Amino acid sequence: MASAGIEAHFAQRTVRDLELEEGEPVLVRVDFNVPLEGGRVADDARIRAALPTIELLLEQRARLVLCSHLGRPDVRDPETSLEPASDRLGELIEAPVRQAPDVVGPEVRRAVDELEPASVLVLENTRWEPGETKNDPELARELAALGRAYVNDAFGSAHRAHASTAGVAEHLHPAVAGLLLEREVATLRSIIESPRRPLVVVLGGAKVTDKIALIDRFLDEADTLLIGGAMCFSFFRAQGKPTGDSLVEDEGVELARRALEKADSSRCRLVLPLDLVLGERFEADAERRVDDGTDVPDGWMGLDVGPRTAEAYSEEIAGAGTVFWNGPMGAFELAPFAEGTRAVAEAVARTSGTTVVGGGDSGAALAEFGLADDVDHLSTGGGASLELLEGKKLPGVEVLDDA
């Protein structure tokens, strides 16, 4: 989807800068780390996200060699073969798609040589090679030998310095960004560098430790920071409030205390839930009650933000110039405790401000509520998007040719 109202500078060369001769082989790192069910792709969103780059290169009649990981195998495992992803890609594009028998080696080189212009070869799961996650120089060299140019379009893996995401660009130039990678980086950087104000950030999920660097950054950059999910109980514990049987990350309590102290002197308002939906246990059929406050009694656990919080957060989102949302407001996978997350998702979909959602569970919630097409940008990379917003450099981006 087009990212309305988003402007940011992208510092690397992109696939648009390539000048290719017909039939030139191009190695493209994609993110085909997709869920499989019964030997078929269960959700093809990541494959579809790569199509603009793939189709642009096919229009130039390049020979495309695609590589990706799928899952986390550390040895050859047929259950994690990319063949289902290759089959789905073949259904989505008007070009021949072949599945290679391996990641590198003589059979793969032969398959590349046999490729016709404007056709595609998908290498096997890069994680089958133990050197992938170690950024092994020899594996990187073998991958580099398969193309005359390298394109990284795998934003979801750009925060990892692996052989196929970073090492290969040490041996193969030009090394440029794909259209998805460019859009992801430019969009996410724009939240920090040039947001339409007010910038309202909604953070949920279970652990403060996972989000503390993001909380710290947004206390410097945002106008309003809305906290939900189980991590709000670390904040409540830091304030001395009873949290009952709620999930509390002990390590997160001190971090939450420091964040509250920083918020006292920040121009950013840090907002915590006003009320809660409680359950006797973490089950869909658990006894449920709405508590008008945030003190959780023993024998109960907070599993969602309450209706007053949902309304207040929705009003903040409605008035935003830019919204960034990452993390559910509660246990949305359990229907009785999904309403807070649904309210935030609907508010994000409805607002006239620029809306960016950080993938992961937030993206899953949007999809579940049928709202995925109603935001300006839904990131394909959970960990990569968070690290970029925290101010970290992404190895898979930094290694590309400067513009």
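Helix 9 (residues 307-318) and helix 10 (residues 339-350) cross at roughly 15° in this predicted model, and their axes come within 9 Å. Angles under 35 degrees count as roughly parallel, so helix 9 and helix 10 are roughly parallel to each other.

**Helix 9 against helix 10**

- Helix 9 passes helix 10 with a right-handed crossing.
- On the helix 9 side, the contact is made by A310, S314 and I317. Helix 10 brings A343, V344, A347 and V348 to the contact.
- Sort the residues of this contact by class and you get six nonpolar, one polar and no charged.

**Helix 1 against helix 2**

- Two packed helices are described by the angle between their axes and the distance between the axes.
- For helix 1 and helix 2 (residues 83-92), the angle is about 60° and the axes are 11 Å apart.
- That angle is why helix 1 and helix 2 are classed as oblique to each other.
- The crossing of helix 1 and helix 2 is right-handed.
- I47, R48, L51, I54 and E55 of helix 1 make the contact with A85, R88, L89 and L92 of helix 2.
- By class, the contact of helix 1 with helix 2 has six nonpolar residues, no polar ones and three charged ones.

**The largest pocket**

- Rolling a probe the size of a water molecule over the atoms shows where empty space is left.
- The largest pocket holds about 970 Å³ of space. It's lined by 36 residues, and A45, R46, L378, S379 and T380 are the closest to its centre.
- Which elements each supply at least two residues of this lining? They are helix 1 (45-59), helix 5 (179-193), helix 11 (360-368), strand 17 (377-378) and helix 12 (382-390).
- The lining of the largest pocket splits into eleven nonpolar, 15 polar and ten charged residues.

**The second largest pocket**

- Here the space comes to about 560 Å³.
- The second largest pocket has 34 lining residues, with G205, A206, A230, P328 and D361 nearest its centre.
- Helix 6 (208-221), helix 7 (232-238), strand 14 (301-305), helix 11 and helix 12 each give at least two residues to the lining of the second largest pocket.
- Strand 14 has the largest share of that lining, with five residues.
- Class by class, the lining of the second largest pocket has 15 nonpolar, 13 polar and six charged residues.
- Helix 11 and helix 12 turn up in both lists: each supplies at least two residues to the lining of the largest pocket, and each supplies at least two to the lining of the second largest pocket.

**Cavities**

- There are two cavities of 30 Å³ or more.
- Lining the second largest cavity are V30, D31, R46, A50, D153, G156, L180 and T380.
- Those lining residues divide into three nonpolar, two polar and three charged.
- R46 and T380 line this cavity, and R46 and T380 are also among the residues closest to the centre of the largest pocket.

- Most residues other than glycine have a negative phi, and most peptide bonds are trans.
- Is the peptide bond from H173 to P174 cis or trans? The H173 to P174 bond is cis, with omega near 5°.
- P174 sits in the loop between strand 7 (149-152) and strand 8 (175-177).
- The peptide bond from R197 to P198 is cis too, with omega near -5°.
- You'll find P198 in the loop between helix 5 and strand 9 (199-203).
- R61 isn't a glycine, yet R61 has a positive phi of about 60°.
- The place to look for R61 is the loop between helix 1 and strand 4 (63-67).

Terms used. Residues are numbered from 1 along each chain as its sequence is written. This is a predicted model: local features need pLDDT of at least 70, side-chain atom pairs count only at pLDDT 80 or more; totals for chains, interfaces and linings use all residues. Side-chain values use heavy atoms; hydrogens and water are left out. On a 1 Å grid over the protein atoms alone, a cavity is a set of points where a 1.4 Å probe fits but cannot get out, and a pocket is an open set with protein on both sides within 12 Å along at least five of seven lines; lining residues have an atom within 4 Å of a point. Grid points are joined across faces, edges and corners, and a volume is the space filled by probe spheres set on the points. Helices (H or I, at least four residues) and strands (E, at least two) are DSSP runs, numbered from the N terminus. Ala, Val, Leu, Ile, Met, Phe, Trp, Tyr, Cys and Pro count as nonpolar, Asp, Glu, Lys and Arg as charged, and the others, Gly among them, as polar. Axes are lines fitted to C-alpha atoms, for helices over the stretch in contact, and angles run from 0 to 180 degrees between N-to-C directions. Angles under 35 degrees count as roughly parallel, over 145 as roughly antiparallel, 65 to 115 as roughly perpendicular and the rest as oblique. A crossing is left-handed if the near helix is turned anticlockwise from the far one by less than a right angle, and right-handed if clockwise. Contact means heavy atoms within 4.5 Å.
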